[in-house]
Amino acid sequence: MTADPTLTDLAQQATSARRAPDYGHDALITCDRLVRIFSADGIEVQALQGLDLLVREGELMALVGASGSGKSTLMNILAGLDTPTAGAARVAGHDLLAMTAKDRLAYRRTVVGFVWQQTSRNLLPYLTAAQNVALPLQLAGDRSRRGRHARAERVAELLELLEVADCRDRRPHEMSGGQQQRVAIAVALANDPAVLLADEPTGELDSHTAEQIFAAFRTANERLGTTIVIVTHDQAVAGEVRRTVAIRDGRTSTEVLRRSEVDETTGRERVVAREYAMLDRAGRLQLPADYIRALDMRDRVALELEEDHIGVWPDDSTER
Ligand SMILES: Nc1ncnc2c1ncn2[C@@H]1O[C@H](COP(=O)(O)OP(=O)(O)OP(=O)(O)O)[C@@H](O)[C@H]1O
């Protein structure tokens, strides 16, 4: 770029900016500067403070963060149960800020499936496992004999996939917590949603059962190709996915990506994890709290642009 741009330069810049693809144009889930403000008793709480998040089709990812960081608020928005105060959110081509009540109902029935922490919130207590899985299919439509047959097949297929075929005629109180959550995943997958959202799905389970539930999510992701977003406090669960995004104070702050690598000396496969910080479109970067503490960084830091990286140093100036 020249220091003193001509009118032609400016016109060219404006044209190329217009031609640049929209943020998240190729993502299945796009959250763009998402804001959610709650007002209770005259006090405002900013649960989401300009959160950016992109999730691609076919991903299985975890969202982690301290209590109160905004995870459930984000999940409720993506589930179509709550609306953002500002920003943009799109899921599988649906604009979550522009939906009518009718669109929202159809969205919740067919585009997203959800699994909640409380096993009791996921299933109707007076229906069997098979009836619970059949319910969303019935609500979605085809009541013909052919429809009934296809429905029964789909129910059997899903219970089989999630290894709870033996529970088909049992009511929730006749199943273990782990079996109930597997059936809940089958219910959530019944209408073949584009996205499966799970908010602390292993929160009420012991660690061994939690691992099995997690394996069930992985099966759904690999076999059905469903995009899955899981909120979890469980570090072991978070470590099982390729991508973990951390939310801090209503914004995405860091991201851990894991990939498998074959160790050259032992020939064994091992998982290599690398932590990334999120850079927003205004160029803002949130440094991890432990990095800041380790170098006692405060208020102002020194920056230096190198050929292939940017250095960040504690403030070394004498002017305080
Ligand atoms: N309906 C509401 N009315 C007022 N404030 C709310 C409401 N829902 C959430 N908040 C506030 O918004 C912030 C984010 O809450 P949220 O439930 O999204 O956090 P979270 O990360 O899911 O926490 P946890 O891990 O404890 O479930 C908190 O300060 C919370 O008190």
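By class, the shell around the ligand holds four nonpolar, seven polar and one charged residues, where Ala, Val, Leu, Ile, Met, Phe, Trp, Tyr, Cys and Pro count as nonpolar, Asp, Glu, Lys and Arg as charged, and the others, Gly among them, as polar. The model is predicted, so that local features need pLDDT of at least 70 and side-chain atom pairs count only at pLDDT 80 or more, while totals for chains, interfaces and linings use all residues. Residues are numbered from 1 along each chain as its sequence is written.

**Ligand shell**
- The residues that surround the ligand include Phe38, Ala40, Val45 and Ala47, together with Gly65 and Lys71, a residue being near if its C-beta atom, placed from the backbone, lies within 6 Å.
- Strand 1 (29-40), strand 2 (43-55) and helix 2 (71-78) each give two or more residues to this shell, and helix 2 gives the most, with three.

**Strands 12 and 13**
- Strand 12 (residues 301-305) and strand 13 run antiparallel and are joined by five bridges, with glycine 311 in strand 13 as the bridge partner of glutamate 304.
- A hairpin through four residues connects strand 12 to strand 13.
- Of the five residues of strand 13 (residues 310-314), the count that is buried is zero, buried meaning that 20 or more other C-beta atoms, placed from the backbone, lie within 10 Å of a residue's own.

**Whole protein**
- The protein has 10 helices and 13 strands, which are DSSP runs (H or I, at least four residues, for helices; E, at least two, for strands) numbered from the N terminus.
- Buried residues make up 32% of its 320 residues.

Methods. Buried ≥ 20, exposed ≤ 12 C-beta atoms within 10 Å, placed from the backbone. Pairing = 2+ DSSP bridges.
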